[in-house]
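Subject: Structure handover

Hi,

Here is the structure for you to look through. My notes follow it.

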2 protein chains.
Amino acid sequence: MSPRKGNLMGVREDVKILDATIRDGGLCNNFEFTDEFVTELYKANVKAGIDYMEFGYKSSTAMFDESKFGKWKFCKEEDIRKIVGDNPSDMKISVMADVGRCDYKTDFLKKSESVIDMVRVACYIHQIPAAAEMVEHFHDLGYETACNIMAVSQANSDTLMQALDMLAHTNVDVIYLVDSYGSLYPENASDLAQKYIAAVEGTGKSIGFHAHNNQNLAFANTIETMSYGVSYLDATVQGMGRGAGNCSTELLLGFLKNPKYNLYHILKFIEKHVQALKAEGVVWGYDLQYMLTGQLNRHPREAIDYTNDGRADISEFYKTLLDNH
Amino acid sequence: MSPRKGNLMGVREDVKILDATIRDGGLCNNFEFTDEFVTELYKANVKAGIDYMEFGYKSSTAMFDESKFGKWKFCKEEDIRKIVGDNPSDMKISVMADVGRCDYKTDFLKKSESVIDMVRVACYIHQIPAAAEMVEHFHDLGYETACNIMAVSQANSDTLMQALDMLAHTNVDVIYLVDSYGSLYPENASDLAQKYIAAVEGTGKSIGFHAHNNQNLAFANTIETMSYGVSYLDATVQGMGRGAGNCSTELLLGFLKNPKYNLYHILKFIEKHVQALKAEGVVWGYDLQYMLTGQLNRHPREAIDYTNDGRADISEFYKTLLDNH
């Protein structure tokens with residue numbers, strides 16, 4: 001087993017926090033954030049020392065009707081620039097591109113013409129060849145690139161090793177371990193993280209972790225994988241994200257010892273803007289229905305339906321999940 | 001570093017779950033549970049395979065006015081028997097006795113005359129000699145005994161080692177690592193757990209863990225310490241407990257692979273009884289104010305006041321905590 005990297009008192013200069021609030025949180029409110037919310041989050045993130053802020057998806061306007069979603073499902077250059085100008089801060093800007101749902105050949109400027117710094121390609125494991133092609137395209141345009149392999153808790157170990165080997169031979173900068181179903185325990189997550197780290201050894205690539213909070217383990221798994229050498233950590237304010245949500249920025253900032261991070265500005269943002277969003281009825285976070293889909297290692301869609309239907313018969317829901325297992 | 005004990009698929013026969021809902025949860029509602037609630041929890045715990053159920057504190061009636069608290073602050077023999085009769089189940093019954101707040105020489109029957117199986121002595125580290133005296137008294141009466149050393153995250157390491165050595169020479173059956181302030185990270189918790197385990201090696205004694213959820217780590221720390229050999233695990237339904245609450249029984253039952261455990265009955269109980277308690281306004285669970293006292297390794301009293309005062313100015317609260325640090 002690899003030794004842990006660093007200790008609880010030290011600073012790991014390689015660690016980067018990526019704020020995914022607008023992107024993953026957008027799945028809770030159809031990406032309909034006000035410009036004020038996004039602008040204030042941008043300012044708070046800069047003051048808090050956050051390393052990357054993800055603005056949303058670059059989705060195909062041919063596949064998705066723009067009138068039916070907020071603009072952060074499309075992340076047009078002019079919309080991002082309306083918030084950040086030329087982004088005079090040290091914080092980098094990322095967007096996500098889903099394999100099969102993005103017109104990547106036409107919708108991205110050259111990096112030299114764009115305020116975007118990093119493109120993260122999200123894929124399922126059978127889409128790795130398509131993801132690799134997109135990664136090379138974005139790399140050639142001049143962007144930093146990441147590849148987020150989703151739903152690996154259901155992937156065969158051999159297949160996963162092949163996928164990691166393929167990606168290790170691309171120009172991708174960061175490969176993300178993604179706990180899509182919130183089903184990983186810290187021991188699973190750290191075992192997998194060590195496999196990812198071993199797969200890119202000597203390539204100069206980094207490993208990231210994206211958690212889901214189904215079993216209240218998003219933060220625990222994030223710091224556990226980090227302790228074994230994962231360095232790109234996804235977080236969102238108050239854990240905002242689909243279903244049970246993600247690792248909370250405020251928990252992570254309280255843990256990390258790098259003096260460049262400052263929790264106060266995130267608390268101030270939560271107080272003024274996130275609480276208002278919750279008061280408007282936007283719902284996310286740990287709850288029993290998400291715990292159950294996490295425990296059973298399955299997609300949260302049934303738990304999301306349970307939530308949307310306002311159900312409270314959790315024992316019946318559990319029986320149904322067991323029937324459909 | 002000690003190896004982990006067992007693996008994620010196996011059954012650890014030494015593991016015992018202790019339901020502390022009435023005892024730690026009683027701190028949220030002044031111990032004013034209805035008999036129906038306690039009876040139904042007892043039945044649910046028996047069906048779910050829970051190993052111990054703690055009914056509350058054995059507090060001194062000379063020090064505390066019985067008219068001002070629910071009966072589970074006192075745990076009289078007749079009150080427990082009203083719920084469990086002679087307890088014909090396999091589940092054992094425990095009560096907690098606080099050093100300095102319990103008339104232990106007069107208020108306990110011999111075990112042969114009592115339905116109580118285990119007495120857990122709770123103390124701060126400077127009270128270890130008093131705790132040891134109580135442990136021996138309860139042992140002589142015929143009870144299983146435990147000693148819960150609270151607030152160890154603020155204790156000096158050498159003092160803690162001396163305390164563990166003293167307890168290792170008593171007749172205590174279980175020594176509990178207690179994360180009173182919810183300030184431990186999994187790496188801290190597992191390091192401490194390994195020290196506790198080493199201190200009792202060869203004595204036949206067991207180590208337990210009692211978590212608090214200030215940093216959303218109650219469940220993570222519980223299973224992490226367990227993986228290194230901790231075997232007595234405290235849990236409460238929906239994490240009910242003072243402030244940020246405890247490790248949730250339902251999360252733990254989803255994790256443990258022993259077929260004797262059955263999650264369904266706990267979900268049914270939550271659905272019928274715990275949700276009603278929440279609807280009545282009893283409040284507990286992870287929230288920003290508890291996160292902050294956990295991050296700063298201090299008693300949650302200021303966070304409890306913040307909650308009771310209905311405050312929402314979390315950034316001001318944070319500044320005040322830093323001022324008083």
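A residue is called buried if 20 or more other C-beta atoms lie within 10 Å of its own, exposed if 12 or fewer, and partly exposed in between, with C-beta atoms placed from the backbone. Tyr52(A) has 21 such neighbours inside 10 Å, so it counts as buried.

Before the rest, some housekeeping. This is a predicted model: local features need pLDDT of at least 70, side-chain atom pairs count only at pLDDT 80 or more, and totals for chains, interfaces and linings use all residues. Residues are numbered from 1 along each chain as its sequence is written, while chains are lettered from A and ligands numbered from 1 in the order in which they are written.

**Chain A overall**

Chain A holds 12 helices and 8 strands. These are DSSP runs, numbered from the N terminus: helices are H or I with at least four residues, strands are E with at least two. The C-alpha trace spans about 55 × 45 × 45 Å along its principal axes. For 325 residues, a compact globule would have a radius of gyration near 20 Å; chain A has 19 Å, which agrees. That radius is taken over C-alpha atoms, and the globule rule is 2.2 Å times the number of residues to the power 0.38. Buried residues make up 50% of the 325 in chain A.

Contact means that the C-beta atoms of two residues, placed from the backbone, lie within 7 Å. Take the contacts in chain A between residues at least 6 apart in sequence: 78% of them join residues at least 24 apart.

Tyr52(A) gives a local example. Its place is in strand E2 (residues 52–57) of chain A. Lys92(A) is 40 residues away from Tyr52(A) in sequence, but 4.6 Å away in space, C-alpha to C-alpha. Leaving out residues up to four places away in sequence, Tyr52(A) touches Lys16(A), Leu18(A), Asp19(A), Met91(A), Lys92(A), Ser94(A) and Met118(A).

**Domains of chain A**

Chain A is divided into domain 1 (16–279) and domain 2 (288–323). The bounds come from an automatic or database domain assignment. The C-alpha centres of the two domains lie 26 Å apart. In domain 1, 9 residues are in contact with 11 residues of domain 2. The side of domain 1 that touches domain 2 has 2 nonpolar, 7 polar and no charged residues. Here Ala, Val, Leu, Ile, Met, Phe, Trp, Tyr, Cys and Pro count as nonpolar, Asp, Glu, Lys and Arg as charged, and the others, Gly among them, as polar.

**Two helices**

Start with helix H5 (residues 157–168) of chain A. Its 12 residues reach 16 Å from first C-alpha to last, close to the 16 Å expected at 1.5 Å a residue. The expected span is 1.5 Å times one less than the number of residues. Ala163(A), Leu164(A) and Leu167(A) of H5(A) are buried. They cover an arc of only 95 degrees around the axis, which puts them on the same side of H5(A). The arc is that of the directions from the helix axis to the C-beta atoms. Asp158(A) and Asp165(A), on the other side of H5(A), are exposed. The buried residues of H5(A) pack against helix H4 (128–141), strand E5 (144–149), strand E6 (174–178) and helix H6 (186–199) of chain A.

Now helix H4 (residues 128–141) of chain B. It has 14 residues and reaches 20 Å, close to the 20 Å expected. Its buried residues are Ile128(B), Ala131(B), Ala132(B), Met134(B), Val135(B) and Phe138(B). Seen down the axis of H4(B), these fall within an arc of 165 degrees, so they line one face of the helix. Pro129(B) and Asp140(B) are exposed on the other side of H4(B). The cover over the buried residues of H4(B) includes strand E3 (92–98), strand E4 (118–123), strand E5 (144–149) and helix H5 (157–168) of chain B. Just after H4(B), Gly142(B) takes a positive phi of about 110 degrees.

**Where the chains meet**

The contact takes 31 residues from chain A and 31 residues from chain B. H9(A) gives the largest share of the chain A side, 6 residues. By class, that side has 17 nonpolar, 8 polar and 6 charged residues.

Tyr185(B) lies in the loop between strand E6 (174–178) and helix H6 (186–199) of chain B. It has 22 C-beta neighbours inside 10 Å, so it counts as buried. Not counting residues up to four places away in sequence, Tyr185(B) touches Leu8(A), Ile223(A), Phe255(A) and Leu217(B).

Best wishes
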